[in-house]
Protein chains: 2
Amino acid sequence: MAVRGAVPEVIWARPERTGRGPRPAYSRDDIAAAAVRIADARGLDAVSMRHVAAELGCGTMSLYNYVPRKEDLYELMMDAVAAEHVLWEPGGDWRAELMRVAHQARSLMRRHPWMPRLMSPVYGFSPHTLRYLEHCLACLDPLEAPYGTKLELIAMVNGVVTTYVRNELDTAERVRALPWSQDEETAVRGAYLARQVASGKYPRLAEAFAQDPGPVDMEAVFERALGRVLDAYSPH
Amino acid sequence: MAVRGAVPEVIWARPERTGRGPRPAYSRDDIAAAAVRIADARGLDAVSMRHVAAELGCGTMSLYNYVPRKEDLYELMMDAVAAEHVLWEPGGDWRAELMRVAHQARSLMRRHPWMPRLMSPVYGFSPHTLRYLEHCLACLDPLEAPYGTKLELIAMVNGVVTTYVRNELDTAERVRALPWSQDEETAVRGAYLARQVASGKYPRLAEAFAQDPGPVDMEAVFERALGRVLDAYSPH
DNA sequence: TCCTAGTTACGTACACCGTACGTAGTGCGC
DNA sequence: GCGCACTACGTACGGTGTACGTAACTAGGA
């Protein structure tokens, strides 16, 4: 591996092992799993080269034999969680199956709340992400549409899932870095928002708050939004 | 301001000036503008307390008189760009006006490519964001729907805008941190993707690539996606 | 079979980050 | 006019990513 100078390359194009030299102590999967474990338990910001190395039980700089840059570690992580997608043999109802895909993606992200922050098209090239994408396309086989439209639809569904999970979990993830608790945070922000809305500067917002529907069922909101999007892509 | 201990608070609830002591040399707007200038020119990762202080022309630690934590600096930045929204007196066609809102939001984000990364519900409380939200609600006055639905629609539109701009610009923003150029990055990733697709493991993806429609018009893709979403919320 | 080149392993070091804390100077409210 | 709350800011600490040097190891070619 070596290649100490900075050379443009994709981590997936690097062979895990070249034959020469002592055999590596860890696999790429080991490393990804360690990083994911840390991110799940202590948040994405706790994923540092040092912490991951410690979790693996090796020296910090040894990690760089496997992962040339930290960015590539993120890429490994995203691929590792993409591998958690459970795929199936698609039947005929593309709408129902895309719904199932979306629900699975949602629960995946809720299991790994740092995912929305790492969501990016540049991670869309990893093996398991490609596999996931291919599966989505397979689900869409019954849909009469050019591939361009299908890809747009898949991007839209993934976008909706990401957006909604982020909206749901972002405060929780963000508050990890803050020196106070989430309850204090939401309380303080809620009080300020209430004060602002009561100021009279935002009449419609005030009205919206007045007809308070109680606690919002995030699951239901997501389901509704997703259904609308899928309808939008259904042949009238 | 003092308040040196870590106390839960929203920056907007802190008075800019208390009367006692020497008058502050900078306003919140000055600081936000400096940070935005840096983020626009050198990327979000260049927005450090030191750099912002230098841009303002003051010592690093003086910044902490105005901004208790870096997170709050981000909040100032998001409010500053939210202030760039040009609002208008809404007429009667809510669909057309939400379309206009979305297009404006898109060009705003393209002007400040770091925005998608900072998009989060916790920044939704800032004065100018509330103003923007109120304006969206005003545009939706003609729509017969409970406020809950209206807010969901607005969230959806903002989500779509964010997702699409991110997809469009993320590589460009990300490559700033890399030691090589964007052209090299896209070339290397493109080559790898082509190799993977040609491997036969992803037949539908291969087919999709085969019917290559040439360069994609991002503007058109966005317009189409947005139209579909708005249709989904129109009374049948 | 031995040699050597390329690999793994990892400690040290550097530049940068956010920010706690101490200290000095300033000007409003009492 | 006194005192106190504020501004200003230098220093310092613990964290980060990672360049680089060095030692140990192992497979391929002679």
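Trainee: What makes residues of chain A count as being in contact with residues of chain B?

Mentor: Keep in mind that this is a predicted model. Two residues are in contact if their C-beta atoms, placed from the backbone, lie within 7 Å. By that test, 51 residues of chain A are in contact with 52 residues of chain B.

Trainee: Which element gives the largest share of the side of chain A that touches chain B?

Mentor: That's α8(A), with 13 residues. Helices including α7 (127–139) and α9 (182–198) of chain A give two or more residues there as well.

Trainee: And how do the residues on that side of chain A divide by class?

Mentor: You get 31 nonpolar, eight polar and twelve charged.

Trainee: How do you know where domain 1 and domain 2 of chain A lie?

Mentor: The bounds come from an automatic or database domain assignment, and for chain A it gives 11–81 as domain 1 and 84–233 as domain 2. Their centres, taken over C-alpha atoms, are 28 Å apart. Across the boundary, twelve residues of domain 1 are in contact with 16 residues of domain 2. On the domain 1 side, α4(A) brings the largest share, five residues.

Key. Residues numbered from 1 in each chain as written. Chains lettered and ligands numbered in written order. Predicted model: local features only at pLDDT ≥ 70, side-chain atom pairs only at ≥ 80, totals over all residues. Helix = DSSP H or I, 4+ residues; strand = E, 2+ residues; numbered from the N terminus. Nonpolar A, V, L, I, M, F, W, Y, C, P; charged D, E, K, R; others polar.
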